[in-house]
Amino acid sequence: MTRAVLSAGSNIGDRNAHLASVVSGFADELIAVSHVYATPPWGGVEQDDFHNITLIVDGPLTPAQWLARGLRLERAADRVREVRWGPRTLDVDVISVIGPDGPVISDDPDLTLPHPRAAERAFVLIPWLEIDPDATLWTPAGEIPVAELVERLDDAERRDVRAVDTIGQRS
């Protein structure tokens, strides 16, 4: 059994429908899902704002299987990978996985865990904190409470993450 934190985002087409497909795709393992947050794009590519959610899932899957499930959902949403950090119908990232022995740490190029930029991204941390106020993220400096990581972010970045909707709330 593993517990995973997933982040999903969309800024092309029916953003909320794409996010709802993620909630449906993980329904059997779903523990909690955040509100939908509107956030500016990250990475410097000119594009529309994203809608993002964070999910906590729990089940008999390996980290690679959580990723494979997310990639299948991306393909079903006709995701194309043309520009790094560019617009997309759906992006599903595995942020963190907790296994029987604690946090899974991996430097595999196909699935680096925890997600290497999670501690810097308000659009991941703020929705995660909403559904798990006691969450921690393993970093090279050790496990750090997500609340502390949010506090370390720039005020403007935190303000840019705005709750706008709900999709199948469970928490």
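## Exposure terms and basis

Buried means under 20% relative accessible area, exposed means over 50%, and partly exposed lies in between (1.4 Å probe, protein chains only). This is a predicted model, in which local features need pLDDT of at least 70 and side-chain atom pairs count only at pLDDT 80 or more, while totals for chains, interfaces and linings use all residues. Residues are numbered from 1 along each chain as its sequence is written, and side-chain values use heavy atoms, with hydrogens and water left out.

Helices (H or I, at least four residues) and strands (E, at least two) are DSSP runs, numbered from the N terminus.

Arg-152 sits in helix 4 (residues 146–152). Arg-152 counts as exposed because its relative accessibility is 54%. Its side chain makes a polar contact of 2.5 Å with that of Glu-148. Such a contact is a pair of N or O atoms within 3.5 Å; within protein, one must be able to donate a hydrogen and the other to accept it, and residues adjacent in sequence count only if both atoms are side-chain atoms. Glu-120 is 32 residues from Arg-152 in sequence, and their C-alpha atoms are 8.7 Å apart.

Thr-166 belongs to the segment after strand 11 (162–165). With a relative accessible area of 40%, Thr-166 is partly exposed. Thr-166 touches His-35 and Val-36, leaving aside residues up to four places away in sequence; contact means heavy atoms within 4.5 Å.

## The nonpolar cores

A nonpolar core is a set of buried Ala, Val, Leu, Ile, Met, Phe, Trp, Tyr and Cys residues joined through side-chain atoms within 4.5 Å. The largest one has 25 residues. Val-22, Ile-53, Leu-55, Trp-66 and Val-94 touch the most other members. At least two residues of this core come from each of strand 1 (2–10), helix 1 (15–25), strand 2 (30–33), strand 4 (50–59), helix 2 (63–76), strand 5 (91–99) and strand 8 (111–113). Apart from it lies another core, of 21 residues, including Val-5, Ile-95, Val-150 and Val-161.

Leu-55 touches Ala-4, Val-5, Leu-6, Val-22, Val-23, Leu-30, Ala-32, Val-33 and Ile-131, not counting residues up to four places away in sequence.

## Strand 4 and its partners

Strand 4 is mostly covered, with nine of its ten residues buried. Two strands pair if DSSP finds at least two bridges between them. Strand 1 runs antiparallel to strand 4, and nine bridges join them. Here Ala-4 has Val-57 as its bridge partner.

Strand 2 is also antiparallel to strand 4, through three bridges, and Ala-32 stands opposite Ile-56. Three bridges likewise join strand 3 (residues 36–39) to strand 4, again antiparallel. There, Tyr-37 stands opposite Asn-52.

## Helix 2

Helix 2 has 14 residues and reaches 20 Å from its first C-alpha to its last. That is close to the expected 20 Å at 1.5 Å a residue, a span defined as 1.5 Å times one less than the number of residues. Its buried residues are Pro-63, Trp-66, Leu-67, Arg-69, Gly-70, Leu-73 and Glu-74.

The face turned away from the buried side carries the exposed residues Ala-64, Arg-75 and Ala-76. Asp-78 follows helix 2 and has a positive phi, near 60°.
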